[in-house]
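Student: I have a new structure open and would like to learn how to read the spaces inside it. Could you walk me through it?

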Amino acid sequence: MNLTNPEIEKEAQLLYLAERNRTQISATTVRYPNMTIADAYAIQKQGIELKKQAGRTVVGYKIGLTSRVMQRSMKINEPDYGILMDDMVFEEGAEIVAANFLDPRVEVELAFMLHTPLKGEHITIFDVLRATEYVIPAVELIAARTFRVHPETKYVRNVCDTIADNAANAGIIVGGRPMKPDAVDLRWIGAMLYKNGVLEETGLAAGVLNHPAKGIAWLAQKYAAYGMGLEAGKIILAGSFTSALVAQAGDTFHIDFGNMGSFGIKFV
């Protein structure tokens, strides 16, 4: 790590206030160009502590950058992760206030609900499937507390900026029909994402590291390095298999997972 504890705390506070005040700020790497991925996760962790101090609780995790296209574009060779808090959970059919988020976008994913903990450096996708109570269609709401591209300098934020910003995490919406993880080959689950009645995106869950449970195994292995695990009762967004669509007030989205059902959300 290249950042000091006071620098980590200061940056976490800036990101926390940017989210609370609905005002985007310059990317973290503008202030700390030599920061590492370890620094970014330290900032993320401190930001989560600030939310806990404000009364929020952890309900799950998200895994991002799971497609090879995104990893190449961000110049990394593994996913990233963030934390889901209780105020990030929305019901299917919800009307979501777009102005509450900074540059909001939506992505289609599968969510895994754990019934037993996952802990260990050798966790496999088979361990993930055994520990999963059900898999359910989901949409991740992402946002950017730091500019993706600065409107004046055109500086493009990188993976360290995204990780520090809680991996662009902003919300989760689940709907449709939950299924046992062994009821279907999860790689072949497909979805269609409609925006304002127009089919904009389609995808297969295999786009997530060739199997959507693989990212969860990766996350458990990452946590094992800190002597931690993924707790029972937590929900995990396994990674997107569509591109993100911009969401603005007045937009409606319909997500069709075929045999797993469909649901919608509206931004107001």
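Tutor: Gladly. The largest cavity takes most of its lining from α3, which gives five residues. Helices (H or I, at least four residues) and strands (E, at least two) are DSSP runs, numbered from the N terminus. Keep in mind that this is a predicted model, where local features need pLDDT of at least 70, side-chain atom pairs count only at pLDDT 80 or more, and totals for chains, interfaces and linings use all residues. Residues are numbered from 1 along each chain as its sequence is written, and side-chain values use heavy atoms, with hydrogens and water left out.

Student: How many cavities of 30 Å³ or more does a search of the whole structure find?

Tutor: On a 1 Å grid over the protein atoms alone, a cavity is a set of points where a 1.4 Å probe fits but cannot get out; a pocket is an open set with protein on both sides within 12 Å along at least five of seven lines, and lining residues have an atom within 4 Å of a point. Grid points are joined across faces, edges and corners, and a volume is the space filled by probe spheres set on the points. Here the search gives two cavities of that size. The largest has a volume of about 130 Å³. It is lined by 13 residues, with Leu15, Gly47, Lys51, Ala164 and Asn166 closest to its centre.

Student: Which elements each supply at least two residues of that lining?

Tutor: Those are α1 (5-21) and α3.

Student: What space lies in the second largest pocket?

Tutor: About 610 Å³. Its lining has 21 residues, and those nearest the centre are Tyr41, Lys45, Tyr81, Tyr223 and Met228. Two or more residues each come from α3 (37-53), β1 (58-64), β2 (80-85) and α7 (212-224). Here too α3 has the largest share, nine residues.
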